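Open the structure in your viewer and keep the selection tool ready. Each stop says what to pick and what is there.

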Amino acid sequence: SAYLLRVAARLGVPTVVQFRMLFNILIDTLIGLIPFVGDLLDIMYKANVKNANLILRSVENRQAAGRSSWFVLIGSIIALVAIVVGGFIGTVMLAKWAWTQVG
């Protein structure tokens with residue numbers, strides 16, 4: 001994975017595409033951390049294949065690859081923030097509910 005990032009940097013792939021590649025690696029790593037299920041999901045989510053395709057698309061057409069990567073990266077960040085905020089709110093609501101049940 002790191003090798004593909006290095007190749008992308010050498011080929012002059014736009015920075016936003018490199019961040020998208022890094023995000024793919026992060027997702028692949030996080031999925032792989034889940035016991036048992038993570039191994040099965042890791043088979044389906046191939047970060048290196050996706051990153052190689054991003055490099056190819058970027059070398060062929062830098063503007064289109066950069067533009068689409070911005071949309072995906074911004075959408076992914078929004079989804080990640082929504083998940084974190086939703087998890088925090090859910091945890092607070094669950095703790096509040098448990099506190100009222102005890103008291």
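**Before you start.** This is a predicted model, in which local features need pLDDT of at least 70, side-chain atom pairs count only at pLDDT 80 or more, and totals for chains, interfaces and linings use all residues. Residues are numbered from 1 along each chain as its sequence is written, and side-chain values use heavy atoms, with hydrogens and water left out.

**Stop 1: helix H2.** Select residues 15–32, which form helix H2. Helices here are DSSP runs of H or I with at least four residues, numbered from the N terminus. Now pick the buried residues of H2: Val16, Val17, Arg20, Met21, Phe23, Asn24, Ile25 and Ile31. Buried means under 20% relative accessible area, exposed over 50%, and partly exposed in between, with a 1.4 Å probe and protein chains only. Their cover includes H1, H3, H4 and H5.

**Stop 2: the core.** Which residues make up the largest nonpolar core? Select Leu4, Leu5, Ala8, Val13, Val16, Val17, Met21, Ile25, Leu54, Ile55, Ala65 and Leu73, 12 in all. H1, H2, H4 and H5 each give two or more residues to this core, and H2 gives the most, with 4. Such a core is a set of buried Ala, Val, Leu, Ile, Met, Phe, Trp, Tyr and Cys residues joined through side-chain atoms within 4.5 Å.

**Stop 3: Ser69.** Move to helix H5, where Ser69 sits. Ser69 counts as buried, because its relative accessibility is 1%. Its side chain makes a polar contact with the side chain of Arg20 at 3.3 Å. Leaving out residues up to four places away in sequence, Ser69 touches Val16, Val17, Arg20 and Leu54; contact means heavy atoms within 4.5 Å.

**Stop 4: Thr29.** Return to helix H2 for Thr29. Thr29 is partly exposed, at 44% relative accessible area. Show its C-alpha atom and that of Gly75: they are separated by 20 Å, and the residues lie 46 apart along the chain.

**Stop 5: the pocket.** Finish with Phe23, Leu26, Ile27, Leu30, Ser76, Ala79, Leu80 and Ile83, which line the largest pocket. H2 and H5 each give two or more residues to that lining.

Methods:
Polar contact = N/O pair within 3.5 Å; in protein donor to acceptor, adjacent residues only side chain to side chain. 1 Å grid on protein atoms, 1.4 Å probe; cavity = no way out; pocket = protein on both sides within 12 Å on 5 of 7 lines; lining within 4 Å.
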